[in-house]
Each structure stands twice: as C-alpha cells, then as structure tokens.
Amino acid sequence: MNGKKGSIRIDICQPSKSVEQESVKKQISEKGQSPSKRLCDVWDFARQDTNRVTFALKVGLACLLVSLLILFRAPYDIFGTNIIWSILTVAIMFEYTIGATFNRGFNRALGSVLAGVFAIVIIQVAVSCGHTAEPYIIGFSIFLVGAATSFMKLWPSLIPYEYGFRVILFTYCLIIASGYRMGNPIRTAMDRLYSIAIGALIAVLVNVTIYPIWAGEQLHMELVANFSSLADSLEECVKKYLSGDVSEHPDFSTTVMDDFPDEPAFRKCRAMLNSSAKLDSLANSAKWEPPHGRFKHFFYPWAEYVKVGNVLQYCAYEVMALHGCLHSEIQAPYNLRCAFRSEILDATNQAAELLHSLAKDVNNMKSSLQTSLLKHVHVSTERLQQSIDLQSYLFTVNDEANSAKPQLKTSWAVTFNLNSKQNDDPESKMAENIATQVAGPLQPESYHEMMKRQQRRLHSWPSREVDDFEDDENDVSDMIPRMRALESTTALSLATFASLLIEFVARLDHLVEAVEKLSQMARFKQQTGT
C-alpha cells in the first residue's frame, strides 16, 4: 500500500523493459538459427507425424507419373501441350486426406465439365453469329461467367463448393480464350477435359492405394486426444494450485511471454480450444470417404464427432478459468487452501478418471455405462460443496466492521501485544506502550482468537503489517474496514476456484450425454461399465 493516508493502491505489474528486450533478443536469435538447428527442427516436425512425410512422397510420385505423359513421345503426340493440364490437376487436387481429395476431385470434375459444356455452347453460338460479333459474344460471356461464379460462391449454402466455382471460372476462360485463337475450339476443349480426367485419376489412385490417410481416422484420433488433453490440464492446474504458495509465482508478464513452459498440458488444452475449425474440416472431408477400417457402414455420423468436440470445448473453458485463478495476482492464503485440499483433489481425480474412461470408450469404439463413475464425481462434488458450506466462516472476516471504537482499539492492542512477544526489542516495547495508552486496559481475549488474527495477518494478501499504519485514531478506524475487505477478497478467490471446479463437473453431464448419443449412432459395441 502506497500513497496518501487512508488510500489503498494495488500495483498491477506491467511488462518491464528487460522483458521486452528479452523477447526481441529471442526473435533475433530465432531468425539467425544455424542450418543444423533448422534441420533438427524439420526432423522433429517430421517425427511428430510420419503421415506428413508419406503425403509429401505421394504427391511427388503422382507428379512424376503424370509427367511421364510428356516425357514419352507417344502420349505427347496424342494430347500435345494440353497434357500439362494433367500436371496442374494433380498439383491442385491432391490433398492430405482421401476425403479431402475426393471432395476436391468432385469440385474439379463438376466444374471442368460444366465449364467445358458451357464453353462449347458459347463457341457454337459465337461462330454462328459471324466473325464480327464473335469476339463481343465471347467477351460478354467471360464477364457473365466471372460475375455469376464469384457471386454464387459467396452464398452461405454453397460455400463448401467454393473451389468448384473457381474451377468453372478459370477453366471456362482458358478454354474459350485459347480456342478462339488456336482454331477448332471444340477439339481443344475435349483434349483438355481428357487431360484433366487423366490427372484426377492418377491423383486418386496414388492417394488411395499407397498408405492411405483417412480423414475419418484423423478425426477419431483428434477427438480422443482432446479428451486426454482436457483431463491432464485439469489435474495439472489443480495440483499446482494446491502444491505450494502460488503467491510466489514469477512475474506474470514474464510468464505470459514465456507461454507457461512449465505447464505442457495447459498448452494442449488451449490448442484444443482453437481446433474447432480443424474438426469441422475433417468431418466435412470424412463424409466423402467410403466405408473403411473400423468405420464400416455408410452415412457414418461424423457430425456427432464435431458435437462431442464442441461439448469438450465447453468444458475446457472452465479449465481455462481455473488456470486464470491459478495465475491471479490475488491469491488465497496457503493454509486456507489446505483446509479444502482433500475435497478439491477428490473431485478433480474423479472428474479426470471419468474423462479418461470416456476417451478409452471412444478410442475402442465401445459403449459402456458411465453411471457409477458419474455418481462418484457428483458425490465428491457434493462433499466439496458441503465442506464449503460448513466452513464458510473462513471466507469472511469475523470481526464486525461497525464495532465500537473501544473494541477496535482492543483489537489493535492485542496485535501489538503479539508482535511484542514475538520480537522482544525496544521498538516492539515502545509500540506496546503506545497501544496501551491508546486503547487503555486490555480486555481478556481467548488464545484461539489471538492466533486466528495472527494467522490472518501473516497469510493474507496484501500483507497486513501493523507498522504500516499510524497510531492516529481516525486513520486506524478508517483503514480497518478497507483492509478487512481486501482480506475477504483473498479468501473468496478460493471460493471462486472451488465454484469453477463444481461448474466443470456439472458440464460433464452434457459430455456424457453427447458421447452416449455418438455411441448409439455410430453403433459402438455394447459392454458393461464400471
């Protein structure tokens, strides 16, 4: 507390110049990495997911195969320079997963066919209108197709086919413009359509037959990983909150700029909150895939995976809020957190166990009743709630703010007396004499009350040191209510943490319901749960 008499100021830490300089130096060092360090980063990136290397090699193989049509004389004599469209089709159509390739191939094929048919019709109309009107008709048709496709791809229900409209536009423009100068436009359009079909066929065959990467399998594993990330992040946050004095955490601005290096599970949980777009993309791609692997029936409910992922994110928001309490500047005293340690840990462990059980069921594609585990979670949460209710007096200041002045004087005198007993020095004795003169004779007070006040003084935020106050009667009576309000705020931070944990458990009911609906629609195997 700084400032004038009777004022309370809480200093919020700001990023210091040294922190900013360290971040700048870090960016400069990253830019000036050695080639060996960059190679190590590439190697680590490839080891994280070997499918990335597989995908790259398959694209290279497909481009090589389609290039043979140009390198060998016989196919080049048949298609001529139009065979380049095969290479262009492979480069554009080949995607990471098979579902995305089928989706891109459908848009490519449909767009090319529509553009080719429309180009042939317009060419016939332009030729029949005479040589003078032909360029005007072709130019107006290009304008009309460009405006129409650009408008339609913005229509909300047609956004998934946005790539198809792009294909219609550039295929039509290239066919009709080049055919106008090269002569025999119909022949040119047919050759290019054949070349596009050859490139699409090679891309599909290579992607499906050589180490296929299925979007459905990727979506399935991503959802299972999200369950584990949420459970690990919850356990990590709660254990760190109860492990020690969180008020001794490092500078908050430095911690934020370091991205919480000591909390890997939290970083995974935060990444999960940003994965909704990835889940939607994988689900849309999986719809184009035929039955495969463990997903053996048609019309598989991939949309339910996205719904379960949304409920997981709904639960993850509470974990993020718990993490905010963990790194808050206002913290509850450590001894107060220890008073509810067993109840908080029990509720956390039960919730994490339920999440791991759900992840195991989804991963194994088995449906088991989670009634017993869910009941244990609710029981542990009720114990935490009852403990908070029974010990609610710990979250408030026992002394009344509007008590009489003699009582206030007595309280301060007792505090001075405690300090003097602990520190037997001249300054403490002088403080005791001053307190005795101000307060008069001391009233008898129980040892329990004295120790409780002493603990509040030592473990509260901000620290309540008696020497920070003057002995003026008006100043003391004005500062005590404000300090009691600050002391109550620190205690209520624990109540906030506990209430967020209870809310997280309440949201688990929706998660269990979503998983049960997914297991029914996906026809998971039934088994008895624990």
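## A helix with a buried face

The model is a predicted one, and the description begins with helix α12, which covers residues 264-273. Within this helix, Ala265, Phe266, Cys269, Met272 and Leu273 are buried. When the helix is viewed down its axis, these buried residues fall within an arc of 115°, so they line one face of α12.

The buried residues of α12 are covered by other parts of the chain, including helices α10 (215-243), α13 (276-286) and α14 (302-326).

## Two helices packed together

Helix α3, made of residues 50-71, packs with helix α5, made of residues 84-93, and their axes are 9 Å apart at an angle of about 175°. Because angles over 145 degrees count as roughly antiparallel, α3 is described as roughly antiparallel to α5.

On the side of α3, the contact is made by Ala62, Cys63, Val66, Ser67 and Ile70, while α5 brings Ile84, Ser86, Ile87 and Val90 to it. Sorted by class, the residues in this contact of α3 with α5 are seven nonpolar and two polar, with no charged residues.

## Salt bridges within and between helices

Side chains of opposite charge can pair when their charged atoms come close. The count of such salt bridges in this model comes to ten, and a few of them are described here. In one of them, Lys278 is paired with Glu222, and the closest N and O atoms are 3.3 Å apart. This pair links distant parts of the chain, since Lys278 lies in helix α13 and Glu222 in helix α10, 56 residues apart. Lys278 counts as partly exposed, with a relative accessibility of 45%, whereas Glu222, at 18%, counts as buried, because the cut-off for a buried residue is under 20%.

Lys307 forms a salt bridge with Glu304, with 3.3 Å between the closest N and O atoms, and both residues lie in helix α14, three residues apart, which is about one turn of the helix. Here Lys307 is partly exposed at 42% relative accessibility, while Glu304 is buried at 6%. In helix α21, which runs over residues 473-521, Arg507 and Glu503 are four residues apart, again about one turn of the helix. Their salt bridge has its closest N and O atoms 3.1 Å apart. In this pair Arg507 is buried, with a relative accessible area of 12%, and Glu503 is partly exposed, with a relative accessible area of 32%. Arg507 and Glu503 are also linked with Glu318 in a network of salt bridges.

## A buried serine

If its neighbours within four places in sequence are left aside, Ser387 is in contact with Phe340 and Glu343.

Definitions and conventions:
Residues are numbered from 1 along each chain as its sequence is written. This is a predicted model: local features need pLDDT of at least 70, side-chain atom pairs count only at pLDDT 80 or more; totals for chains, interfaces and linings use all residues. Side-chain values use heavy atoms; hydrogens and water are left out. Buried means under 20% relative accessible area, exposed over 50%, partly exposed in between (1.4 Å probe, protein chains only). The arc is that of the directions from the helix axis to the C-beta atoms. Contact means heavy atoms within 4.5 Å. A salt bridge is a side-chain nitrogen of Lys or Arg within 4 Å of a carboxyl oxygen of Asp or Glu. Axes are lines fitted to C-alpha atoms, for helices over the stretch in contact, and angles run from 0 to 180 degrees between N-to-C directions. Angles under 35 degrees count as roughly parallel, over 145 as roughly antiparallel, 65 to 115 as roughly perpendicular and the rest as oblique. Ala, Val, Leu, Ile, Met, Phe, Trp, Tyr, Cys and Pro count as nonpolar, Asp, Glu, Lys and Arg as charged, and the others, Gly among them, as polar.
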